[in-house]
Amino acid sequence: MSAARNALLGLLVERPAYGYELANRLAGLLGPTWAINPGQVSHTLRALEREALITPVTDAPKDRKGRQVMAITQKGIEEVERWWLQEPSGAAALPRRPLLVKLALAGPDRLEASLRQIEDYTRDCAERLSEIARQHDAVPQGPAVRTDRMLLRLGLRGDIVHLKAELEWAKDAHDTVSWILYRDADWPPRHDRAGTQRTHAEIGAQQRLFARMAARQLQAAEDVASRGEDDAAS
Amino acid sequence: MLRLERVSKRFARPAGDRLALDSVSLELARGQMMGIYGPSGSGKTTLLRIAAGLQRPDSGTVTYNGQRLDEMSNRERTRFRRREIACIWAEPPAASSGVSVLTHVAMPLLVDRRDHHIAERQAREVLLACEVEQCAAMEAHELSAGERQRVAIARALVTEPRLLLADGPASRLSLVEEEAVMGLLASLAREAKVAVLVADADAGALIGANPVMYLCDGNLVNPQPTSEQGQLYRFPDRSGRLAADA
């Protein structure tokens, strides 16, 4: 099960809720990284209902758009327990950066453009970092300790650490590409076609060359034979 | 087509003479690709150089299509070689910097005072046949090892030789490139009827060669099992004696 699906199911253990309410509670609990749109929420809820993990509360009023309050079933509660106790929490995921793919395939002609793209990426990371830091500081810290707010700040601090690491990586990428650009580094040949299929032109050229050479060999053989006959005659 | 009979070659060394080839005989027909393998210093390169007419044997004869190569004057031999024989070495001589691959391949024709345009056209076609036409405008330092060797083959083929001698043509290549280069040499023998003599330290590299001979301390033996003897030859030991299974 996906993490968002488990999260929605887990929220329903606390109390029955409308879909949009679940989306708001999820973002409030885990931070903006976990924000999911209403369409995704209703799609996930329909899937959970098909599996009989949740059920609509028939005596609760529908909202303006006719959506129903959803409640978790006994099977759903058991599923949440199973997920919490038995499902692995997942290994640390390493990011697959689309920017890295671009840099790796840039080649010598796109080094300047690569630097511009790294600078854009750096700017984007810095803006997101300051936004998330602002959200982190905006979580109220009243005199009473609220665990939900502590855990929200924990999630936001995870995003901050990640973005700081991305900024560090982007600086490294900028230094590396600059080095390649200004030091005239070697590029491995891209045109090497060892082991690839031959083209029609290549096959044709080889056939013509080999036919000419074979004819030349035949001529040599005839010359040798006639020389032998001459020697014998003399 | 090429016949070496009881060819011997000795090199003078301060520590005593060294016998590089000891009465070696072989015969190579047109359309045949013969492989020779043996350890470093076994005489492979000396054998190829003598077969190419680049070196004279101390004794024995080298006959090419009935003509004695070892009896020709240096001038005659050079002219003959340019027309008939081409060599490929483990480390092909690199083109000078500033010289394109196309000019490098056309060079043997230009040296022979052929028309510049015709020479370049022929060079381009040979590059295409060797599957490296895309490298025509590049310089030698821009090529991979496999491409460098294919360019060397193209340069060897541009004069359309009848005899091709290759010394470790695949020794510095990856397995994929080795197979491709040896495949090209095998099709030269099969389709262009060129007589190909290829030497390598590793018997496994002599893909497509038949027969494959073993050269050790200047002695050439055919290590294939022979039905007449009904037993396997063992490779001769370092003293050059041939041992057979008891």
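Helices (H or I, at least four residues) and strands (E, at least two) are DSSP runs, numbered from the N terminus. The model is predicted: local features need pLDDT of at least 70, side-chain atom pairs count only at pLDDT 80 or more, and totals for chains, interfaces and linings use all residues. Residues are numbered from 1 along each chain as its sequence is written, while chains are lettered from A and ligands numbered from 1 in the order in which they are written.

**View 1. B:K193 sits in the loop between α6 and β8 of chain B.** Its phi is near 60 degrees, a positive value in a residue other than glycine. Most residues other than glycine have a negative phi. B:K193 has 22 C-beta neighbours inside 10 Å, so it counts as buried. (Buried means 20 or more other C-beta atoms within 10 Å of the residue's own, exposed means 12 or fewer, and partly exposed lies in between; C-beta atoms are placed from the backbone.)

**View 2. B:N65 lies in the loop between β4 (59-64) and β5 (67-68) of chain B.** B:N65 is not a glycine, yet its phi is positive, about 50 degrees. With 18 C-beta neighbours inside 10 Å, B:N65 counts as partly exposed.

**View 3. Four strands of chain B form an open sheet.** The order is β2-β1-β4-β5, and the pairing is antiparallel. (Two strands pair if DSSP finds at least two bridges between them.) β2 (18-28) and β5 of chain B stand at the edges, each with a single partner strand, so one side of each has no neighbour in the sheet. Two bridges join β4(B) to β5(B). B:T63 has B:R68 in β5(B) as its bridge partner.

**View 4. The peptide bond from B:N210 to B:P211 is cis.** Its omega is near 5 degrees. B:P211 is in the loop between β8 (195-200) and β9 (212-216) of chain B.

**View 5. Helix α6 (residues 111-138) and helix α7 (residues 147-183) of chain A pack together.** The angle is about 160 degrees, and the axes are 9 Å apart. (Axes are lines fitted to C-alpha atoms, for helices over the stretch in contact; angles run from 0 to 180 degrees between N-to-C directions.) α6(A) and α7(A) are therefore roughly antiparallel to each other. (Angles under 35 degrees count as roughly parallel, over 145 as roughly antiparallel, 65 to 115 as roughly perpendicular and the rest as oblique.)
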